[in-house]
Amino acid sequence: MMRQLQNIGLRFALRGLRILGVTDKEDALLLSQLRKRGSVALIWALDETEDHLSAGLSDKLAKLSGFETVVVVCPPRLFSVLRSQGHFFETLPAPEDIGRSGISSNWELYLRRRIARIRKNWGPDFEAVEGPEPELYFDAILNGPENSGLR
Amino acid sequence: MELDVLYLADLRFPGGTSTSLKYDLRACKQAGLRAGVVPLSSPVFARCQVPNSALLAEIEATGTVIVPQDETPKARVALLYHPSLLDKTVHVRAGFDADVFYVVVHQPTRDRRGRAYYRTEHWSGLAADLFSHDLRLLPVSDVVRKDLERHGFSHALHPANWTNLIDLEDFPLKQIGELNSPVRIGRHSRPSRDKLPSPKVALECYPQHPDYAHLMMGVPQDFLDAFDTLPWNWQIYAFSSRPVSGFLQSLDIYSYFHSDTWVEAFGYNVLEALATGLPCVVPHYMEETFSDACLYAEPANAQQTYDRLRSDRSLREEVSLRARAHVESRFGLDQFANKFEKIVEAPKTSSPGRVKHPRTSERPVVLSVTSNGVGLGHLTRQLAIAEALGPAVNVVFFSLSEAIEVARSMGYLAEFRPFHRRLQLDVDDWNSFFFQEMREALSHYKPSLVLFDGNVPYAGFIDAVDSYGKSCSAWIRRGMWRTPQPDSIAREGFFDAIIEPGELCEALDLGYSRVNPDNVTSVNPVLMTQPHQLLDKAAARRALDLPENATLCLVQLGAEANFNMSVPRELLFDFLDRHPDVIAVDVRSPLHLKEHSDIHERFLQRRLFPLGRYLKAFDFAVCAAGYNTFHENIAAALPTLFIPNSNPETDDQDSRALHGARAGWNLASTAEDPYEIETQLRKLLEPDIRQGLSLACARKTGCWDGAGQIARQLQIQARLPRSSQEPAP
C-alpha cells in the first residue's frame with residue numbers, strides 16, 4: 001500500500017486516506033487521539049551529514065507538507081531546525097557511534113526491533129526515504145560478516 | 001582478581017557493623033593483606049538507605065578493591081558480613097571462588113523475649129545454594145556464640161570468634177584528672193528504641209541528680225516523647241551530630257544500658273569508650289565480652305558505681321588504664337593477622353558445583369536516563385558525572401532531551417525518545433511507550449547501573465528497571481523544590497541510591513526533597529568544569545573570537561521556553577546603547593537556532609557547549625539562576641547579575657539568586673522589576689563592585705567536586721571499575 005502511494009501522487013493519496021481511513025493507528029502510541037485522525041508521514045533521513053537540512057530532505061518536507069504529522073528519523077543535530085518547522089523526530093544510533101562504543105550486544109536484533117517500533121509507534125500513512133533505506137543504512141551491522149563482532 | 005579476604009557486606013549499616021568493617025579494612029591493609037568488597041543489600045534496610053559515609057571514606061582511604069560486577073574474584077577467605085545477608089534475596093551475581101567461606105554473625109538470633117532478629121531455618125541450604133559452601137559461622141563474641149549454640153548451630157561454629165577491632169589512634173586516651181561538678185556521664189548509640197532502657201529504668205541509671213549531667217548522643221524521638229518533661233540534667237545530641245571521639249573526650253564516665261529485650265552482640269560503642277580510657281558502667285552480661293575492663297552494674301545500682309568513681313580518683317585512674325590496656329591487647333588493629341590465621345585454610349581445588357563466570361572484556365555500561373527539562377540542566381549534570389566516571393565504564397545516554405546531540409558530540413552513544421508534552425499525549429499512554437522503549441534498551445545494553453536525572457521518575461521508567469531487575473539504579477536530583485512532591489518522594493523506594501547534588505544556597509532550601517533524609521546522600525555542587533580547568537581571559541577570548549580589550553558581558557537568560565525575559569533583554573539593549581564600550585555575548589548551545597543577528601550591533605551570539613572553560617573571557621554576566629549556571633559562575637568567580645526564572649515548574653531560582661546576593665557572591669533582581677535591573681546593571685560597570693563579588697566567590701574553594709563524589713559512591717554501590725586516570729579523591 002505504501003509503495004503504491006509513491007506512484008499515484010501524494011495529494012491524491014492523502015485525499016484517499018482521509019476518505020477511507022485506511023491506516024489503522026490503534027497501536028500508534030506516539031499519536032494523540034487528534035493526530036490519529038490525521039495523516040502521518042515518516043521520513044527516514046539517517047545519512048544526513050550536514051548541520052542543516054539537505055536539499056533533498058527539505059524538498060521531501062515541502063512535498064509532504066500536506067500531512068498533519070511529519071516525523072523525521074535523522075541525526076539529532078537536526079532536531080532544532082525540525083522542531084522550528086513543527087515536525088517531530090526520532091533518531092537511531094549511527095553505525096560509527098555503535099562501532100566506537102565497543103558495545104557488542106545483539107545490535108542486529110535491537111535495530112531491527114527499533115525500526116519496527118518506530119513504524120508501529122507512529123503508524124505512518126506514508127513513508128519516504130532520503131538517502132538509504134534504514135535496513136540498508138545499517139547493512140554492515142545487520143548483514144555484514146565483517147561486523148559480526150557487533151551482532 | 002586474587003584477594004586474601006573478600007568481604008560480602010552491606011555498606012549501609014549505620015552503627016557498629018559498619019564501624020567494625022571499617023577497622024577490619026584498615027587492619028587488613030596494615031597486615032599486608034589484600035581485601036576486596038562486594039556490596040550486597042540486606043533485606044533489613046529500605047532499598048535506598050544511604051551507605052555509611054565513614055565506611056565509604058575508609059574504602060577510599062585504604063584503596064580497598066570493590067569487585068566489579070562481572071568479576072569472579074578468588075579469595076583465601078570470604079566473609080558474609082552479617083547474618084541478615086544469608087537470605088533468599090541476596091546473591092553474588094558473578095560468584096566468587098574462596099578457599100573457605102564464613103558468615104560473620106554480628107547479632108544473636110533472638111532477643112530476650114525469643115523474638116527472632118532474622119530467619120535461620122534455611123541457612124544451610126542458602127549457604128550451599130547461593131554461595132556454594134557449607135554453612136560455617138564466625139560469631140563476633142561469646143554472647144553470640146552461646147546464642148547460636150542454644151539454637152542448634154553448634155555444628156557450624158568455628159572455634160574462633162571474629163572479634164571486632166579498633167584503631168586506638170582514632171581514640172586518644174582521655175587524661176584522668178580532678179572532676180568538675182557535675183560529673184559528665186555519657187552514652188552513644190544509633191537511635192533505635194532497643195538501644196535505650198524503658199523511661200522508668202532510664203531514670204534509675206541516668207538519674208536526676210545535681211552531681212551528674214547525662215550526655216546522650218543518638219536518642220530516638222519516641223523515647224523522648226515518653227517523658228512529659230525531660231530530666232533537667234540530660235543533654236540530647238542527634239546521632240552522629242558530633243565525631244564519636246570528640247564526644248567521648250568530653251565525658252568523665254561512660255554508661256550504657258539498653259532495653260530489657262535487647263541483647264548487645266558485642267557493644268562497639270563500649271569498645272570506643274574503653275579505647276578512650278573512660279570508666280565504663282555497663283550491664284553484667286557484657287562481662288563475657290569485656291571481662292575486667294568495665295564496671296558492671298544493674299541499672300538500679302548504676303548511681304552507686306558513679307558515686308564510687310566520683311569520689312575515688314585512684315579508682316578512676318586504675319579503671320581507665322585497665323580499659324585502654326584491655327583494648328590494646330585484645331582489640332587493636334595488630335590482632336587482625338592473628339584472627340585471619342585462625343580461620344584461613346589450605347587452598348582447595350574448586351568444588352564441582354561452583355560455577356565459573358567468564359569475565360567479558362567489555363566495559364560495563366552505565367545507562368544515563370535524563371528527563372527533558374526546559375534547558376540543558378539534567379543533561380549537563382549527567383555529562384559531568386559521566387566524565388567523572390571516566391573511560392573504565394561505557395556511559396550510554398538515553399534521553400528525552402532534544403539537545404541529546406551535545407552528549408553525542410562529546411563521544412557518547414546517545415539515544416533519544418520523544419516526551420509526551422510536545423506530542424500532547426495522555427501521560428499513561430506515553431508511559432506505556434516509555435516502558436517498552438526502556439525495557440528494550442535495558443535488555444540490549446545490560447547496564448550495570450541506570451542513572452536517572454529528573455524531578456519525577458516516570459512510571460514507565462520505574463516499571464522497566466524493576467522488570468529488568470539486574471541493574472543497580474540511582475536517582476540524581478537537585479534540591480530547592482518549590483513545593484512538596486509526594487508522588488515523587490513515593491518513588492524513592494525503587495532506587496538503590498538517591499543523590500542530591502550540592503547547593504550553595506541550601507540554607508534556603510525548604511527541604512521538600514528531603515522528606516526521608518536517611519534515603520538521600522548529599523554531595524558538593526556538580527560542575528562540568530572545575531575551577532582549575534578554566535582558560536585564562538586572553539585564551540578564552542581568542543577561543544571565542546572575542547575582542548581582546550572590550551568590556552564583555554556574558555548573557556545567559558535561559559531557553560525562555562517557559563518564562564518571559566523580555567524586560568531584562570530590553571534593558572540590556574538600552575544598557576548597551578548607553579555604554580558603547582560594552583559588548584554583550586549571548587552564548588547558547590550549538591543546537592539553538594540562530595536568531596536575527598541584527599538585534600544590536602554589540603549583541604554577539606556564540607554557539608558553544610559546554611561553556612564552563614571559557615567563563616574567564618567575560619568581565620561580568622547577566623544570567624538566569626539555573627543550577628548549573630549559578631554554580632559555574634560562582635566557581636569561576638564571575639561577577640553576575642542573576643535574574644531568576646520564576647516559573648513554578650522550575651527549581652527555586654529566586655531563593656538561589658537571593659541567597660547569593662546576601663552572601664555577596666552575586667547581584668540579583670527579579671525579571672519584572674526594570675528599576676532594579678537597571679540599578680544592578682550599573683553596579684556591574686564599577687570595577688570595585690565586580691572585584692568585591694569576585695573575591696567573595698573565590699572564597700568558596702574546595703567544594704566543587706560533586707561529580708567526582710557521585711562517581712566514587714556509584715563505583716562502590718554499583719561495583720564499577722575505576723578509571724586509571726581518574727583524579728585522586
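Biologist: What makes strand S1 (residues 40-44) of chain A and S4(A) a pair?

Modeller: In this predicted model, the two run in the parallel sense over 4 bridges. Strands pair if DSSP finds at least two bridges between them, so S1(A) and S4(A) qualify. A:Ala41 stands opposite A:Phe126 in S4(A). Strands (E, at least two residues) and helices (H or I, at least four) are DSSP runs, numbered from the N terminus.

Biologist: What ground rules apply?

Modeller: Local features need pLDDT of at least 70, side-chain atom pairs count only at pLDDT 80 or more, and totals for chains, interfaces and linings use all residues. Residues are numbered from 1 along each chain as its sequence is written, chains are lettered from A and ligands numbered from 1 in the order in which they are written, and side-chain values use heavy atoms, with hydrogens and water left out.

Biologist: Which way do the residues of strand S4 (residues 126-129) of chain A point, and are they buried or exposed?

Modeller: A:Phe126 and A:Ala128 point one way, A:Glu127 and A:Val129 the other, and all are buried. Buried means under 20% relative accessible area, exposed over 50%, partly exposed in between (1.4 Å probe, protein chains only).

Biologist: Over in chain B, how do you know that the span of helix H25 (residues 706-717) agrees with its length?

Modeller: The expected span is 1.5 Å times one less than the number of residues. For the 12 residues of H25(B) that gives 16 Å, and the end C-alpha atoms are 16 Å apart, so the two agree. H25(B) is also mostly covered, with 11 of its 12 residues buried.

Biologist: How much area do chain B and chain A bury between them?

Modeller: About 3,100 Å², 55% of it on carbon and sulfur atoms. In chain B, B:Arg422, B:Glu440 and B:His444 lose the most area to chain A, together 21% of what that side buries. Buried area is the accessible area (1.4 Å probe) that two parts lose on being put together, summed over both.
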